[in-house]
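Work through these exercises with the structure in view. Try each task before you read its solution.

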Amino acid sequence: MDPTAQFALAYALSTTAGLRGFLTLLAASIAVHAGWIHPAAAFAWLGADSATIVLAVFSVLEFFGDKVPALDHALHVVQTAIRPLAGAILVGSTVHVGNPAELYGLMAVGALNALVVHGSSVTTRAASTATTLGAGNAVLSFAEDALATGGIILSFVAPVAAAVLALALVAALIFIASRLYLRRKERAALRAPQ
């Protein structure tokens with residue numbers, strides 16, 4: 001895979017990791033088994049059968065747990081650490097650079113990207129809980145499942161196109177999350193005693 005495709009794949013996968021960390025890691029693990037990606041020695045564990053099984057189990061738990069009101073919020077708290085870690089691992093396992101410092105820097109960018117996407121998702125989920133009493137959260141969860149699955153598939157089929165769409169998604173999520181945050185802050189200010 002040429003360097004442009006590697007960087008595009010890394011960015012697209014770190015974006016989907018912000019929505020579904022375990023599912024994206026599972027896809028990468030399967031891709032290693034299929035020979036689609038060839039991680040550096042430090043990330044060879046991603047292709048181990050045991051890693052694939054563990055990631056599959058956690059992907060299923062993540063899928064179903066995210067549909068349960070209240071449990072979804074608890075999972076999002078835990079995922080605040082897991083999803084950036086997944087983003088970093090995905091970058092480290094897909095990008096090949098000669099300089100370790102450069103790799104660590106790229107992994108930090110992947111972690112930050114996943115954290116931004118996750119943070120936007122959390123903000124949107126909080127707004128949904130406030131306006132629908134949690135009833136709309138399962139719908140949002142299914143939408144995130146669809147976005148993550150579509151993004152993962154596109155990442156391996158057309159990494160550059162996936163990266164462009166991922167960048168657009170991140171920009172849209174940041175815009176939506178900031179609008180929701182500002183709206184919630186305005187409502188709180190209106191309710192505050194004068």
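## Exercise 1: Fold and overall form

From the N terminus on, the protein runs α-α-α-α-α-α-α. That makes 7 helices and 0 strands. Helices (H or I, at least four residues) and strands (E, at least two) are DSSP runs, numbered from the N terminus.

The model is predicted: local features need pLDDT of at least 70, side-chain atom pairs count only at pLDDT 80 or more, and totals for chains, interfaces and linings use all residues. Residues are numbered from 1 along each chain as its sequence is written, and side-chain values use heavy atoms, with hydrogens and water left out.

**Solution.** 

## Exercise 2: Contacts and burial

**Task.** Find what share of the residues is buried, and what share of the contacts with a separation of 6 or more joins residues 24 or more positions apart.

**Solution.** 
1. Apply the cut-offs: buried is under 20% relative accessible area, exposed over 50%, partly exposed in between (1.4 Å probe, protein chains only).
2. Of the 194 residues, 42% count as buried.
3. A contact means heavy atoms within 4.5 Å.
4. Residues 24 or more positions apart account for 72% of the contacts with a separation of 6 or more.

## Exercise 3: Aromatic pairs

**Task.** Describe how the rings of Phe-22 and Phe-58 pair, and then those of Phe-63 and Phe-142.

**Solution.** 
1. Rings of Phe, Tyr and Trp (its six-membered ring) pair if their centres lie within 6.5 Å; planes under 30 degrees apart are stacked, over 60 edge-to-face, the rest tilted.
2. The whole structure holds 4 aromatic pairs.
3. Phe-22 and Phe-58 are stacked: 5.0 Å centre to centre, 25 degrees between the planes.
4. Phe-22 sits in helix α2 (residues 21-34) and Phe-58 in helix α3 (residues 49-65), 36 residues apart.
5. Phe-22 is buried at 14%; Phe-58 is partly exposed at 38%.
6. Phe-63 and Phe-142 are edge-to-face: 6.0 Å centre to centre, 70 degrees between the planes.
7. Phe-63 lies in helix α3 and Phe-142 in helix α6 (residues 137-157), so this pair ties together parts 79 residues apart in sequence.
8. Ring pairs link Phe-63, Phe-64 and Phe-142 into a cluster.
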